[in-house]
Amino acid sequence: MLRSESYKKGLFLSTGFNIIARGVGFVNTLILAYYFGANASTDIYFLVLSVAMIITGIINGVDYYILIPEAMKLRERESEDSSRKFLNFFICLYACIGLLIASLVIVSPVLFYSVFSKFDSSVLHQNKNILYVGSIIIVFQLLNNLLSAILTSYKFFTISIFTSLINTSLAIIITICFHRQLGIVGTISGIALGYFINFLLLLFILKRFQKWNFFKIAWMKNKVVWKNIGLMQINIIPLWLRNSIGLYLLSGFDKGIITALNLGLQIVAIPEILIINQLLAVAGIKFNELHAKNNNEEANNTFLLLAKMGIAFTTILGCSFFLLSDKIIAVVFSQSSLNAVTLNNIALVFSFMIFCLPAKFLVGLSTNIFTAFQKVNATIVFSFIIHCIVTIIFIFLVKYFGLIGYLIGANLHFYLFFILSLILFKKVLGFVKYQKAII
């Protein structure tokens with residue numbers, strides 16, 4: 001675990017550890033539902049976690065798609081020292097951005113989170129301790145995501161999963177022991193403490209096993225990299241608006257709907273994180289390596305193998321879970337304090353979002369190979385247009401149809417991007433015979 005791994009061993013071990021990590025995370029979800037049910041405080045709890053995910057998703061979106069490919073290219077074609085100076089610059093930049101955002105939260109937590117939700121200011125003020133803790137999560141989630149990506153590029157596939165166990169384990173321990181005294185503030189404090197411990201552990205691993213010197217920093221002057229980062233951010237803006245406005249509009253509906261959405265998404269995320277994310281993480285590093293070696297034939301073979309595996313798995317899983325969605329939710333939350341309306345909403349989220357998995361996997365795999373082979377510029381215009389169209393439709397659906405509109409819009413997003421990726425392969429990566437994977 002604390003050493004570089006082969007791709008096959010990395011996939012096997014990371015999948016195994018992911019099963020354990022997701023199992024512990026799922027236990028945390030059940031404990032949360034058991035002790036707190038669905039109410040304004042749980043909605044605020046999930047709001048804080050969702051906002052942290054939205055913010056870090058915007059910034060960390062360039063990690064695997066731009067920073068890691070560029071660092072691996074520098075490592076292969078120049079030197080290890082050049083690669084590390086490049087990455088150290090972004091570690092420092094992320095730290096500054098995270099501290100700036102945290103400062104804004106600390107100065108005015110209610111105002112900050114009012115941008116992302118329609119919750120009454122009095123409700124936010126009553127739960128301000130949760131909001132304050134959210135600032136800590138943003139800082140360390142931002143840094144930990146980048147450090148985990150760096151370790152993955154050195155084939156440390158399992159360590160980031162192991163460190164994530166700390167978050168959920170601490171949340172479970174604190175919730176069970178102090179739920180009466182601290183309430184849900186204790187749960188989110190455990191998560192924040194876990195992120196801080198993760199940060200120290202990731203620094204230790206890089207220092208101990210890679211002899212990393214964090215003080216050797218070079219100003220990043222590569223205009224192509226800055227251009228690609230800018231293009232990536234432009235492409236992400238509509239997605240950021242979609243997620244932010246969707247969260248904002250949903251928070252204006254009945255109490256508990258944000259909780260139901262997040263609980264449903266967490267159940268859907270189990271197969272996604274167990275298999276799909278692991279395949280994509282390993283595939284992304286493999287594609288970067290093959291591009292550095294100009295091995296197009298092996299890249300095509302790897303893409304086809306993973307695509308066929310992913311399609312088969314997600315299709316079978318999606319159909320099975322859809323047919324059993326009501327029974328699964330009833331069994332999972334049989335001992336919870338959730339009311340019938342919340343349970344029905346969770347089942348609705350689960351049954352809709354499970355259909356996203358095949359398209360989500362193929363879009364992720366396609367994005368990995370496009371970025372590894374530095375085709376960001378060629379795909380950015382098409383991607384931006386689709387993002388804008390989907391965002392406009394999504395906002396309309398959520399505003400007038402609530403949760404169902406949110407779920408329809410989410411499915412629409414992934415399947416339109418799946419169609420777009422098929423078109424782009426012909427234009428920018430002709431050596432990938434994608435049709436063999438879907439026919």
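A: Start with one residue. Leu147 is buried, at a relative accessible area of 1%. Keep in mind that this is a predicted model.

Q: Where is Leu147 found?
A: Leu147 belongs to helix H7, residues 128–153.

Q: Why does Leu147 count as buried?
A: Buried means under 20% relative accessible area. Leu147 has 1%, so it is buried.

Q: Next, helices. At what angle do H2 and H10 pack?
A: Helix H2 covers residues 40–60, and helix H10 covers residues 223–250. They pack at an angle of about 170°, with axes 9 Å apart. Angles over 145 degrees count as roughly antiparallel. That makes H2 roughly antiparallel to H10.

Q: Which residues make the contact?
A: H2 gives Leu47, Ser50, Val51, Ile54, Ile58 and Ile59. H10 gives Gln233, Ile236, Trp240, Asn243, Ser244 and Leu247. By class, this contact of H2 with H10 has eight nonpolar residues, four polar and no charged ones.

Q: How is a pair of aromatic rings described?
A: Two values do it: the distance of the centres and the angle of the planes. In this model the count comes to 18 aromatic pairs. Take Tyr35 and Phe36: the centres are 6.4 Å apart, with 55° between the planes, and the pair is tilted. Tyr35 has 30% relative accessibility and counts as partly exposed. Phe36, at 15%, counts as buried.

Q: Why is the pair of Phe394 and Tyr406 edge-to-face?
A: Planes over 60 degrees apart count as edge-to-face. The planes of Phe394 and Tyr406 are at 65°, so this pair is edge-to-face. Their ring centres are 5.1 Å apart. Phe394 is buried, at 1% relative accessible area. Tyr406 is buried at 13%.

Q: Which residues form one aromatic cluster?
A: Phe86, Phe89, Phe90, Trp219 and Trp226 form one.

Q: Which ring does the charged end of Arg75 sit over?
A: The charged end of Arg75 sits over the ring of Tyr154, 3.9 Å from the ring's centre. Arg208 lies over the face of Phe209, at 5.2 Å from the ring centre.

Key. Residues are numbered from 1 along each chain as its sequence is written. This is a predicted model: local features need pLDDT of at least 70, side-chain atom pairs count only at pLDDT 80 or more; totals for chains, interfaces and linings use all residues. Side-chain values use heavy atoms; hydrogens and water are left out. Axes are lines fitted to C-alpha atoms, for helices over the stretch in contact, and angles run from 0 to 180 degrees between N-to-C directions. Helices (H or I, at least four residues) and strands (E, at least two) are DSSP runs, numbered from the N terminus. Angles under 35 degrees count as roughly parallel, over 145 as roughly antiparallel, 65 to 115 as roughly perpendicular and the rest as oblique. Contact means heavy atoms within 4.5 Å. Ala, Val, Leu, Ile, Met, Phe, Trp, Tyr, Cys and Pro count as nonpolar, Asp, Glu, Lys and Arg as charged, and the others, Gly among them, as polar. Rings of Phe, Tyr and Trp (its six-membered ring) pair if their centres lie within 6.5 Å; planes under 30 degrees apart count as stacked, over 60 as edge-to-face and the rest as tilted. Buried means under 20% relative accessible area, exposed over 50%, partly exposed in between (1.4 Å probe, protein chains only). A charge sits over a ring if NZ of Lys or CZ of Arg is within 6 Å of the ring centre and within 35 degrees of the ring normal.
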